[in-house]
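The following exercises concern one protein structure.

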Amino acid sequence: MEGRQLLAETLGQTLFTAPAEAQARKISVLECEKLVEGNPDLVQALESAMESRRYHEILSLPGLTREDPNTGREVQITGKPATSIDIAMSVAWKTPYYGKYPEVMLKNINDTRRGGIYSSFVEIVQSSGTGKSRMVHELASSVFTIPFNLRHPTECEAPVYPPGDTQIWKFLCDISSVEDVRNGQTRYALFFTHVFAQVTEESGRSVQSDLAHRWREYPSGKTRDKLYNQIVKACEQDKVTKPEEILRKYGVSLKGLLHALEAVCAFPNSQDVRILLYFDEAHELHHKIPNQYQPVNMQMTLHDVLRSLLNHYQGVPIFTISLSTQSSFPAYIWSKLEQLEDLAFLARFGRPLFWTLIEAGTDTSDLIKSTMDLARTKLINSQDIGGNKFSSLAMLAILDVLITIDYEPRESMVHEYETDMIASHMRIAFSIPQDRASAYSGYPSEPFLAEAASRQTYQYLKTNDRTMAKLLEDNLEKNLIDLSRKGEIVMCLLLRMAHMSAICVEQPDEIRRTGAPNFSKSYDVLQFLKALFAEGFHGEILKSQPDNHVPSTQSLEDAFKHAVVRFTHFIEEVDESVMSTKSMVGGFVRGAAFICRNKQESVDIIIPIFLDKRSSLEESLMSALLIQVKRQRKWGSSAAHIIDQKEIGFFPNKVSTGEKEVTRPYITLMVELGANDPPKDKSFVVTGGCSPTRATSKSEETHPRYSIQTYGCTEMTWKVVRSVERDRYKRILATDDFLADHPRQDEASLNLVRQMLPFMA
């Protein structure tokens, strides 16, 4: 039976896709089944055609060409025979489907909580020929589906399958027909009003228990063309112009279709999706709607308009899928910084405990606060999150989350501390060796937990005279921290303190309202630099110019006037993959900066910078603050420690691909923490600019570099260092080289000390 049905469907597709000159009859699948049943010669011809892939020969068989209305006889076929490639693709579409993708996808759709913004919309992006269209076609057997294929009309001239719905493309995708965003929204609302109304009418004509499967086969070929032509014609004839009235009609027609389906279909689960819409070739909706008052990268696309309309009725059991070979992901998933900074969103990047709690109830804001308090409680292993006394292990855990501490592996207490932090302070055990003597553990990137650690630190510093530097020193005295990484740890501490200071300056209202700022919010790069460096150097830093060979003389202040940073914690990177602007997107999304553990020596720490807070987040707008850290006490020259983005391949090299390279500024910071006592002619902070001798190459550069070099770790250099802590930082950064502590650092004096043979070299 299945074999004869496949032959009938093959015959129907052959006749339907035949070129005009073939004069083929257009008959239904049911009529094709009757022809196959009573015609063994036709069966043999069809089987032979399927084996040889030469379908045009079928068209010459008796009874398969249309009749001349004047003579009542079959039209004689003239001209070239029909090509077989279109027919072959249509037959391939009917071959048995293998795999459980449709079932799994439907389960995932039904299991998705669909009350939130855009939660009833998904984009499937994959290269051509991978089965996207066939998968959703098979999915349509299980859920009532309204399909649209937005293939461009010019593509329909080539061998493609499934064919495009040209009339739908003209109405939805022709950007010349859309005046502005409001007009686009009204136009799309009108379209779906008539889609739901017409589909309700058509589906009601064949009430079946297996309506989804029956309907899947119904809107195809001429029937589909007729239905979609009626919809477009109804839209063009509709005289309603008021947007609010169109939206009202849109809601009424949608509910009408839902009621019609629920009257004839059984839905075991009340949360199951009733209607599925899918838009194949959805990249045709990526055209931007012109707006003279917005930069191009901020303009909405037709795809944005479609999603915003379908999001109008949140919670309604309708789900939309767009299929494409091109992703619109960067342009709309994180189109607003507020979405990234939402704590419910950040909870998704970590252990299930937090995000499942937040999504378990209806009062999201209250659940976020309760979940944040729970994270703080578990991190310090105490209910007293509002107190001012915490265990040393709790504070070590907080520091570890915030700045990523490297422990001294040979210290016996380290294993004990790590075990206790796994048990009581949310540290993650990555692996336990076979000898079970220890565990490889740490705090991975968890933005929600980092926010909890930041708030707990804020509470601690607000109610206690101790500082983060004191916490670090206490643990160094216990020999818990790897001394070889002290420079990077101290620099991370300074950056974190500047981050907290800048956030507090930017969020006074939030602090008054909730008692603490949201440390996961982005803020201006310029504000961060002001919070980091001593006030006396603000003017010099902000007015500095590029120090490499670029045509721009733009000041740092102007180059980064719309730029923001956002980091609550640090991620360790052990290979060179982080040295790219692509990685900066991931870091910015997670609210993370990077500590470089790879073999390159020029960069130790990277802070992602998003160059234009007015725009959508995308790789082409990412840059960074590249930091190199030294602990030497001698003052080095600026030229000795140049950081060149080309040497590490930070920005993409588009010359080889023929693409136009976009100019992006970046900042480099060379830090010599041990050099506290400057020569008389030296400053604690030196900026680049106006000195072409510092450039690393005589060839013109594309990306302007703003370089800063600092010396020492005192209040003279850093705004976040208090004068009373000068000695504390000196003790923290102390080296094991006693020659570095010798009061006379000239070479002659040091040679005399060496002559006493304190060591052999």
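**Exercise 1.** Determine which strands helix α11 lies across and the angle at which α11 runs to β3.

*Solution.* Step 1: Helix α11 spans residues 243–264; helices (H or I, at least four residues) and strands (E, at least two) are DSSP runs, numbered from the N terminus. Step 2: Helix α11 lies across β2, β3 (275–280) and β4, where contact means heavy atoms within 4.5 Å. Step 3: The angle between α11 and β3 is about 120°; axes are lines fitted to C-alpha atoms, for helices over the stretch in contact, and angles run from 0 to 180 degrees between N-to-C directions. Step 4: Helix α12 (residues 302–310) also packs on the sheet, touching β1, β3 and β4, and its direction makes about 145° with that of β1.

The model is predicted: local features need pLDDT of at least 70, side-chain atom pairs count only at pLDDT 80 or more, and totals for chains, interfaces and linings use all residues. Residues are numbered from 1 along each chain as its sequence is written, and side-chain values use heavy atoms, with hydrogens and water left out.

**Exercise 2.** State the order of the four strands in the open sheet.

*Solution.* Step 1: The order is β1-β4-β3-β2, with parallel pairing; two strands pair if DSSP finds at least two bridges between them. Step 2: At the edges are β1 (121–125) and β2 (144–149), each pairing on one side only. Step 3: From one strand to the next, the twist averages 15°. Step 4: Between β1 and β4 (residues 318–324) there are five bridges, and Phe121 has Thr320 as its bridge partner in β4.

**Exercise 3.** Is Thr200 buried, exposed or partly exposed?

*Solution.* Step 1: Thr200 belongs to helix α8 (residues 181–203). Step 2: Its relative accessible area is 22%, so Thr200 is partly exposed (buried means under 20% relative accessible area, exposed over 50%, partly exposed in between; 1.4 Å probe, protein chains only). Step 3: Leaving aside residues up to four places away in sequence, Thr200 touches Ser253, Gly256, Leu257 and Ala260.

**Exercise 4.** Explain why the pair of Phe560 and Tyr706 ties together parts that are apart in sequence.

*Solution.* Step 1: The two rings are edge-to-face, 5.9 Å centre to centre with 75° between the planes (rings of Phe, Tyr and Trp, its six-membered ring, pair if their centres lie within 6.5 Å; planes under 30 degrees apart count as stacked, over 60 as edge-to-face and the rest as tilted). Step 2: Phe560 lies in the loop between α26 (556–559) and β8 (564–565) and Tyr706 in strand β15 (residues 705–711), so the pair joins parts 146 residues apart in sequence.
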